[in-house]
Amino acid sequence: MTSFNKRVLLITGGAGFIGSHVVRLFVNKYPEYKIINLDKLTYAGNLANLKDIEDKPNYRFVRMDICDFEGVLKLMQEEQVDGIIHLAAESHVDRSIKDPFTFAQTNVMGTLSLLQAAKTFWESQPTPYVISHETTVNVPCRFYHISTDEVYGALEMTHPEGIEPPFTTKASSGKHHLAYGEKFFTEDLKYQPHSPYSAAKASSDHFVRAFHDTFGMPTIVTNCSNNYGPYQFPEKLIPLFINNIRHRKPLPVYGKGENVRDWLYVEDHARAIDLIFHEGKVAETYNIGGFNEWKNIDIIKVIIQTVNKALGRVKLETSETGETIETYPDMDLITYVTDRAGHDLRYAIDSSKLQRELGWEPSLQFEEGIEKTVRWYLDNQPWMDNVTSGDYQKYYEDMYKGR
Ligand code: NAD
Ligand code: TYD
């Protein structure tokens, strides 16, 4: 087994949205580590997300399904893997409603396969991860499972008009900065997943903890809120809407657009993952969030404004009082459609434990993050064209047909 400062890390799902940011961060920041990106390359996995680091000497890509227990075990043995950051998953709620089996297979069985492979390999080592629960803090290996805040279910919206701070960190969404209810997701909250996606993620979280409690596996779980930023597949709200606005296509707002999500810039999540992988306590759970709640309809309006400004589509008009005001012509693309089945009303994460214990907080104000994000998608049209060719049109028609 490698020494602590010369690690071999297996990152699963590294060709996806968040995974590619994590792989990039680790490959660039830790030239002394070997980073192995294991990814099946489903529709959501894209090696173009990693073009800038693919030739680095400390990076290796392996195309594999996490459900392939034998393959994963062999890879771990070959490479002497001593750390795992597990991101591979089916991640889109709407797809999980149409096809829950794939979600159970990858998210539950795939995670179990990885856990069992890690256990088998690490137990075979001369200094296995040795499991008395008191001594698992500084053991040389680590299984870090990336999960979602959606496992906690949905919070009530007790204050639809929003509560002003104080409830928050200083790093937050600047001008916006409201909470839509008194309660937040904390690490000790009971799991109450509602969608097949969140049910599968919840199940995988339970397996990870069970491997700690039963076998002493040095595990960590983090539950993060909605990420946004470059390289996100345009089935998720923000990249989908940026692309639709660009092409002046309708913006399908589910229900009344009143649902609330907490948004975190993806690079801030990657920074948290780096910190927690190195400094987090074994067997702990940390929530990661942006203290940045938005109603969907409000965030959609911000996206339209930002894209219209970037594309020079803003119009100047004279108000009744004679003032010159900016108007955004693409507001007329907003189209209310049938709600998502079982649509969770509000997610709001309390990440103060992470802030308190490890000193992490989001670095970007939301206004800055959304501008960077819009700019990135508009500047990277070939990336968007590449991922929206092929099966994408069919997906889009199937998902939104008759809504
Ligand atoms: P994503 O869908 O963009 O990427 C998932 C990646 O996993 C893809 O590269 C895909 O090819 C790969 N993959 C899927 N099935 C696989 C399999 N069977 N074997 C190997 N690889 C497989 O997802 P994401 O948004 O980057 O999310 C990454 C992780 O973070 C997931 O576990 C997700 O639950 C979690 N998460 C996501 C968010 C979010 O807002 N996107 C928030 C919190 C937590
Ligand atoms: P999404 O990006 O799918 O993330 P999640 O469901 O995991 O939070 O959706 C974010 C919010 O946007 C969610 O409340 C559903 C809503 N939404 C729409 O209104 N229209 C859409 O076309 C999509 C994809 C999402």
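Helices (H or I, at least four residues) and strands (E, at least two) are DSSP runs, numbered from the N terminus. With that settled, here is a look around the structure.

## Ground rules

This is a predicted model, where local features need pLDDT of at least 70, side-chain atom pairs count only at pLDDT 80 or more, and totals for chains, interfaces and linings use all residues. Residues are numbered from 1 along each chain as its sequence is written, while chains are lettered from A and ligands numbered from 1 in the order in which they are written.

## The seven-stranded sheet

Let's start with the open sheet of seven strands, ordered β3-β2-β1-β4-β5-β6-β10, with parallel pairing. Two strands pair here if DSSP finds at least two bridges between them. At the edges sit β3 and β10 (285–288), each pairing on one side only. On average, neighbouring strands are turned by 20° against each other, direction ignored; axes are lines fitted to C-alpha atoms, for helices over the stretch in contact, and angles run from 0 to 180 degrees between N-to-C directions.

Inside this sheet, β5 is joined to the parallel strand β6 (residues 219–224) by six bridges. Thr148 faces Cys224 of β6. Helix α7 lies across β4, β5, β6 and β10, and runs at about 150° to β5.

## Helix α1

Helix α1 covers residues 17–29, 13 residues in total, and reaches 19 Å from its first C-alpha to its last, close to the 18 Å expected (the expected span being 1.5 Å times one less than the number of residues). Ten of those 13 residues are buried, so α1 is largely enclosed by the rest of the structure.

The buried set includes Phe17, Ile18, Val22, Arg24 and Phe26. What do the buried residues of α1 pack against? They pack against β1 (8–12), β2 (34–39), β3 (59–63), β4 (83–86), β7 (226–228) and α7 (266–279), a contact being two C-beta atoms, placed from the backbone, within 7 Å.

## The three-stranded sheet

A second open sheet has three strands in the order β7-β9-β11, and its pairing is mixed. Both β7 and β11 (293–295) stand at the edges with a single partner strand, so one side of each has no neighbour in the sheet. Neighbouring strands here are turned by 50° against each other on average, direction ignored.

Three bridges pair β7 with strand β9 (residues 260–265) in the parallel sense, and Asn226 has Trp263 as its bridge partner in β9. Helix α7 packs on this sheet too, touching β7 and β9, with its direction at about 70° to that of β9.

## Around the ligands

Ligand 1 is surrounded by 30 residues, with Gly13, Gly16, Ala44, Gly45 and Ala89 the closest; a residue is near a molecule if its C-beta atom, placed from the backbone, lies within 6 Å of it. The largest share of this shell, three residues, comes from α1, and α1, α4 (100–123), β5 (142–148) and β7 each supply at least two. By type, the shell splits into 13 nonpolar, twelve polar and five charged residues, counting Ala, Val, Leu, Ile, Met, Phe, Trp, Tyr, Cys and Pro as nonpolar, Asp, Glu, Lys and Arg as charged, and the others, Gly among them, as polar.

The shell around ligand 2 includes Val93, Asn226, Lys236, Tyr254 and Arg340. Two or more of its residues come from each of α6 (237–246) and β8 (251–254), with β8 giving the most, three residues. Six of the shell residues are nonpolar, three polar and three charged.

Technical notes: Buried ≥ 20, exposed ≤ 12 C-beta atoms within 10 Å, placed from the backbone.
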